[in-house]
Amino acid sequence: MTNRAVELLSNYIKLDTTNPPGNEYLGAEFFSRILESQGILFKTYQSKPGRASIRAVIKGSGQQKPLIMLHHMDVVPAKGDEWSFDPFGGEVIHGYICGRGALDTKSLGIMQLLALLEIKKRGIKLRRDLIFLATADEESGGDCGVEFLLREYPDDFQAELILNEGGYLIKDDKSNSLVAMISPGEKGPCWLKLSRKGMPGHGSTPHSQNCLEKMTKAVNRLLNYEVPLEVTPIAAEYFKKLAQSWDVLKPYADDGREGTLLKILADNGLLAVPQISAMLRNTISLNMLKSGDRVNVIPSYAEALIDTRLLPGQDLKQWLQLIKNQLADDEIQIETVLGNEGNASDMYTESYNMIEKALLYYYPGAVVAPYLMTGTTDSRFFREKNMPAYGLCPVEVPPDDLKSIHGIDERLSVDSLIKGIEVYTEIIRRLCV
Ligand SMILES: [Zn+2]
């Protein structure tokens, strides 16, 4: 198993599915060869030339609706000169499988494939169809991937549950305990382009209609706005579970009051931790400013691009109104480049409990906690269609290696992968038998 899994992941990483342009057909061909050799039914879908997705199925008795194992085949670009190994070399170095996609999400794809093959090989009788789904275009918004599939082939993708990316196992530095995460929800990206015109002029004679000055002042008003904290149901449950290993959270686990939680987090400086802060509020990040091209010329146009993220349950329209009010400059045009509300699936389900139990079986003493993803994934398309999706990728990742996702030197240890395959297969078996 070890050699085969490592070889599969290594070969998968070697396929350059950098998006853009994607070329996910390489991944679809890779999977179709393996599926064909094992006699597993599959179908490929092409949204545009080179942009393929693939679906394979092991039929069950139909007592329950299908389970979909989902991952995306595309990866974000990698600048090879910044890496200490070839991002598309698929090398194994000191016990690590190295390359773009080792974590996001080619390892998950291999775990799902091997779970599928194992269930097929053992001839396990299933009470529902088990679907393997490898898609294109997650990294650029999903238009050529899941969005396309659900729009054009809705009947092929009806499921009771989708298991997708998210939810790693992370060793918590503070308590030294292992936190196993399941992600039932994620924030919604709302990207805004602000633009403003103004009166040009000579830099030697400043006037009051300098659009760049107006823009920076307005953006500063927005950035100074203190976004209120909100404890979503996922965050509430997350911190309650974390209290099992974080003594400082015990009073909250005892009384369950929001006020208690927020006071503990504030008193211990935890609200300043970006990941914790982002889990508890909508965020605003100024990431691009464009204006002017000479130091002695007052520009006539200024532009700012702002990445905001909404918690599940927040209303997009109200949020946009709030942004407008904070900017307090009617001459600024606000264009929504991308506007998604946050989304979450019910976490009080039999499937969730089953996954939690399986994780605890393999990792006794771990804290299994629901996690609100601050980034965005293809899960949102399924949740929009009222199909629950959980993020689950049961591989142990050192906190430092998380930075390699979309960063440099992405890698996953062979040991984590091998144990992950065993755990994942068992979880799928329990959910389908
Ligand atoms: Zn990604």
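First, some housekeeping. You are looking at a predicted model, where local features need pLDDT of at least 70, side-chain atom pairs count only at pLDDT 80 or more, and totals for chains, interfaces and linings use all residues. Residues are numbered from 1 along each chain as its sequence is written.

**Two helix pairs**

Helices here are DSSP runs (H or I, at least four residues), strands are runs of E (at least two), and both are numbered from the N terminus. The axes are lines fitted to C-alpha atoms, for helices over the stretch in contact, and the angles run from 0 to 180 degrees between N-to-C directions.

| Pair | Angle | Axis separation |
|---|---|---|
| Helix 3 (residues 106-122) and helix 14 (residues 414-432) | about 55° | 9 Å |
| Helix 5 (residues 211-224) and helix 10 (residues 316-327) | about 125° | 7 Å |

At that angle, helix 3 is oblique to helix 14. On this scale, angles under 35 degrees are roughly parallel, over 145 roughly antiparallel, 65 to 115 roughly perpendicular, and the rest oblique. Helix 3 passes helix 14 in a right-handed crossing, a label used if the near helix is turned clockwise from the far one, while left-handed means anticlockwise by less than a right angle.

Who touches whom? On the helix 3 side of the contact you'll find Ser107, Met111, Leu114, Ala115, Glu118 and Ile119, and helix 14 brings Leu417, Gly420, Ile421, Tyr424, Thr425, Ile428 and Arg429. Contact here means that the C-beta atoms, placed from the backbone, lie within 7 Å. By class, the contact of helix 3 with helix 14 has eight nonpolar, three polar and two charged residues. For that tally, Ala, Val, Leu, Ile, Met, Phe, Trp, Tyr, Cys and Pro are nonpolar, Asp, Glu, Lys and Arg are charged, and the others, Gly among them, are polar.

Now the second pair. Helix 5 passes helix 10 in a right-handed crossing. Here Ala218, Arg221 and Leu222 of helix 5 meet Ile323, Gln326 and Leu327 of helix 10. That contact divides into four nonpolar, one polar and one charged.

Check out the loop between helix 1 (2-14) and helix 2 (25-37), where proline 20 sits. The peptide bond from asparagine 19 to proline 20 is cis, with omega near 0°. A cis peptide bond also joins proline 20 and proline 21, with omega about 5°.

Histidine 94 has phi near 45° and lies in the loop between strand 4 (92-93) and strand 5 (96-98). Aspartate 137 has phi near 70° and belongs to the loop between strand 6 (130-135) and helix 4 (146-152).

Which of these is buried and which exposed? Histidine 94 is exposed, because 8 other C-beta atoms lie within 10 Å, whereas aspartate 137 counts as buried, with 25 C-beta neighbours inside 10 Å. The cut-offs are 20 or more other C-beta atoms within 10 Å for buried, 12 or fewer for exposed, and in between for partly exposed, with C-beta atoms placed from the backbone.

Methods
Contact = placed C-beta atoms within 7 Å.
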